[in-house]
Amino acid sequence: MNPLPWLVALPLTGAILVFVLPGRWRAQVSLALLVPVAFASLLTLAGVLSQGTQSHVLGGWLAPLGIGLRADGFAAGMAVLTALVATPCLVHAAFSLRTKAAREGFWPLAWFLWAALNTIWLSADLFNLYVGIELLGLAAVGLVALAGSAQSLAAAMRYLLVALLGSLLYLLGVALIYAALGSLALADLAAHGAGEPTVLIAVVLMTFGLLLKTALFPLHGWLPPAHGGALTPVSALLSALVIKASLFILVRLWLTMGPGAMPVTLAWTLGLMGGGAVFWGGWMALRQTRLKILVAYSTVAQIGLLFLFFPLVTGTPIAAATLAWDGMVLMLAAHACAKAAMFLAAGNLVLAIGGERIADLNGVCRFRPFSLLCFGIAGVSLSGLPPSGGFAAKWLLVQSALASGQWIWLPVLLGGGLLSAAYVVKVLASALVEGPVSDRFKVPSLPLDLSAFVLGCISLVLGLVAHTPLAWLRAGGPFAGGG
Amino acid sequence: MSGGAWYAWVGVALSTLGFFGFVVHRHLVRRLLAFNIMGSGCFLLLVGLAGDGRAIDPVAQALVLTGIVVAVASTALALVLLRRWYRVSGESVLPEDV
Amino acid sequence: MIRLLGALLACLTVGAALAVAVLWRPLPVEDLPLRVTSRLAEAGAGHAVTAVLLDFRAYDTLLEVAVLLVAVVVAMALREAQPDGPDRMGLANPLLRAVMGWLLPLLLLMAAYLLWAGSSRPGGAFQAGSVLAASGVLLRLAGVGFNWLDNPLRLRAVLVLGLAVFVAVGVSTLIGGRQFLDYPHEIAADLILVIELALTLSIGLALVSLFQLAPPQHTGPHLPDRRRRTRR
């Protein structure tokens, strides 16, 4: 049986079930449902690897009349990555959510979020992608608001406004493309889109809408309060997966239009914004005094690295473009695992010290070494130290920059690594200072630490075995021949 | 000018106006209104361009209907958040926007 | 001032880009309305818009119902975090109550008609659901409570009904070896009617709940954590 529709149907079923069930069963039902959803994701990837690109004709109506689901290596890989990251996050949530309001809202919203993510990975239709990002955005905003404080309400409101503006810009683009091509299918955009000024303007509008949602510098203002102020598993899901969804659509759009179709100046603008993000995000992270806000600013910086992809694939030789693709997707995967691990570990540390301030971490190394170790492991990958996935990804990006002669990105890659190492060390240094001798720390339960630990280890191992997932992610895409 | 094109141009005007209002205002209710104006402009553009010089396009109408429901849900969620934010803060602008 | 200029610049850019795009648009390659008309007989609804909404692009509609439900879930969770004071929604207005006695049957009739008409004329679940919601809002304003909705399980069951029926239909087509939401031709019209009925109820209730989940508080803002908030 084709697993594609199940990837959306199962999370929606989960959302329906946990919404109706009484509170005490929600976590159990969710954890039980993780198994079939993860299985469907793996099955999709296996199908793509054995039989090539998979598709499913929804309602039996072929596109452009109906909507198609389509899974190439990139989409299937993202579905597996979603399962990989979301599973530890949901386990963490099952053990960490305390207030009734949080438990009330978290489970249905998390399942809606998952359904929206899978919708986006699999969609082959522009308007369907719009509904997908709206579902994703609203669920994410709701999750941010769950933290319950006044600050989190303000952060959710700001996030919602940005998300709404972003979706409207995207929708304007959809309207223009539908007017120009008469179809909403991505396949038709690929076939007839290039060279039409209307389509080009549409894609530029959509690009800016998606940049808002991805929080690329200088449009990132909403991200740190939203990600830093949310409940811990929510921060992890948002930073690891949700912003990747709008980036995914952006990459899809650009690749659908074809490598030569988008203007080089726009690609360079995105790259320069990314460079700005790396430095600004890293610098701001270094200046923070609250742990989770620091991690959130680190997300702002890391998003910037992903955007170096655009100048490196636009108008460059295929070898350089393939390296850039590999570097970008590996960075995406490594960042998803490492950032989720770091947020979970940071949340555990916050739980242990009973506060957010980095200065209060003094002495935590003696009493809660495992929690701190998890944070350190995630930090290794984020700052791009070998043998982590982050290191391998940066290495690929450096090679791509050299191959295409775009030297300007080397200082960005190097400086970004130094800055991220600096803010990770800042946290570790504060934790390694001897504190009071008595154990004033609370004990996070073992599953909380383990979920962070597992994710951190995955992001480390990703660097050692990078070959295999990279080959999977290339399958069926424009870079399938390379490597 | 055909009817469809006229609607499309009104849509362009409304989207631009809504975008301006959304960026320039700070009061949250105004921003929400601006969002809805921009959304209406967007829907008009979609229907107007699709129906221009041809038979009425049921696909565009269905898309707009879907879009309207999504916009209603977003507006409702924004209003709920706004009410809750007003109750804890007594303000109807966001903190750093003052 | 800078903000005004920036906003002006941004909006002029967007406006100019839109104008250029509209002026220079090519003739579309594809003619979807034609495809819709030619396949309408195979769909489960006679009216083209309804056929697109609930058959050709039913997946979009399914997700859109999920979007509406997300808004309700958030509103419910936020009320849990920030409990409301006593309900003061009702207006002390005898006229409204008296008029509602006349209006309510008409509104319900209207909703039922819209739902029924949707298969052959403009109308359908969303229009019917919003008329239903409008009558619910008027009832709330007239001070009529919905006591039977105080049972959270019942409330949730009705709220989720539309999405649940929709997903159930999709999953059963999958299990039956067809594509997701590929209705068997003989029962397509019935299935669509069942889905629309469930959607109408859920949409109506979702809109009413969104209306009453953040009620006005006559006491004004109560500021428990204002003192703790640091102003920078």
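This is a guided tour of a predicted model, stop by stop, with what to select and what is there.

Residues are numbered from 1 along each chain as its sequence is written, and chains are lettered from A and ligands numbered from 1 in the order in which they are written. Because the model is predicted, local features need pLDDT of at least 70 and side-chain atom pairs count only at pLDDT 80 or more, while totals for chains, interfaces and linings use all residues; side-chain values use heavy atoms, with hydrogens and water left out.

**Chain A as a whole**

Along its principal axes the C-alpha trace of chain A spans about 70 × 55 × 40 Å.

Of the 483 residues in chain A, 69% are buried. Buried means under 20% relative accessible area, exposed over 50%, and partly exposed in between (1.4 Å probe, protein chains only). The accessible surface of chain A comes to about 13800 Å², and carbon and sulfur atoms hold 71% of that surface; areas come from the Shrake-Rupley method with a 1.4 Å probe, and for residues only the protein chains shown count as cover. Among contacts in chain A between residues at least 6 apart in sequence, 81% join residues at least 24 apart, a contact being heavy atoms within 4.5 Å.

**Aromatic pairs**

Next, show the Phe, Tyr and Trp side chains. Rings (for Trp, the six-membered one) pair if their centres lie within 6.5 Å; planes under 30 degrees apart count as stacked, over 60 as edge-to-face and the rest as tilted. The count is 18 aromatic pairs over all chains. Start with Phe127(A) and Tyr130(A): their ring centres are 5.5 Å apart and their planes at 40°, so the pair is tilted. Both residues lie in helix α5 (residues 126-145) of chain A, three residues apart, about one turn of the helix. Phe127(A) is buried at 1% relative accessibility, and Tyr130(A) is buried at 2%.

Move to Tyr159(A) and Trp222(A), whose ring centres are 4.3 Å apart with planes at 5°, so this pair is stacked. Tyr159(A) lies in helix α6 (residues 150-181) of chain A and Trp222(A) in the loop between α8 (197-214) and α9 (223-229) of chain A, so the pair ties together parts that are 63 residues apart in sequence. Both residues are buried.

To see one aromatic cluster, select Phe74(A), Trp121(A), Phe248(A), Trp254(A), Phe307(A), Phe309(A), Phe310(A), Trp325(A) and Phe479(A).

**Salt bridges**

Side chains of opposite charge can pair when their charged atoms come close.

Select Arg57(C) and Asp125(A), which form a salt bridge at 2.7 Å, N to O. Arg57(C) lies in the loop between α3 (48-56) and α4 (58-81) of chain C and Asp125(A) in the loop between α4 (100-122) and α5 of chain A, so the pair joins two chains. Arg57(C) is buried at 3% relative accessible area, and Asp125(A) is buried at 1%.

Back within chain A, select Arg366(A) and Glu434(A), a salt bridge at 2.7 Å, N to O. This pair links distant parts of the chain, with Arg366(A) in helix α15 (residues 364-367) of chain A and Glu434(A) in the loop between α18 (409-432) and α19 (446-464) of chain A, 68 residues apart. Arg366(A) is partly exposed, at 48% relative accessible area.

**Val364(A)**

Stay in helix α15 of chain A and select Val364(A). Its relative accessible area is 0%, so Val364(A) is buried. Leaving aside neighbours within four places in sequence, Val364(A) contacts Leu349(A), Ile353(A), Pro369(A), Leu372(A), Ala431(A) and Phe441(A).

**A patch on chain C**

Finally, select Met1(C), Leu4(C), Leu5(C), Leu8(C) and Leu12(C), which make a nonpolar surface patch of about 530 Å². Patches are made of residues with over 30% relative accessible area and no salt bridge, like charges being joined within 9 Å and nonpolar side chains (Val, Leu, Ile, Met, Phe, Trp, Tyr) within 5 Å. Leu4(C) is in helix α1 (residues 2-23) of chain C and is partly exposed at 38% relative accessible area.

Methods:
Salt bridge = Lys/Arg side-chain N within 4 Å of Asp/Glu carboxyl O. Helix = DSSP H or I, 4+ residues; strand = E, 2+ residues; numbered from the N terminus.
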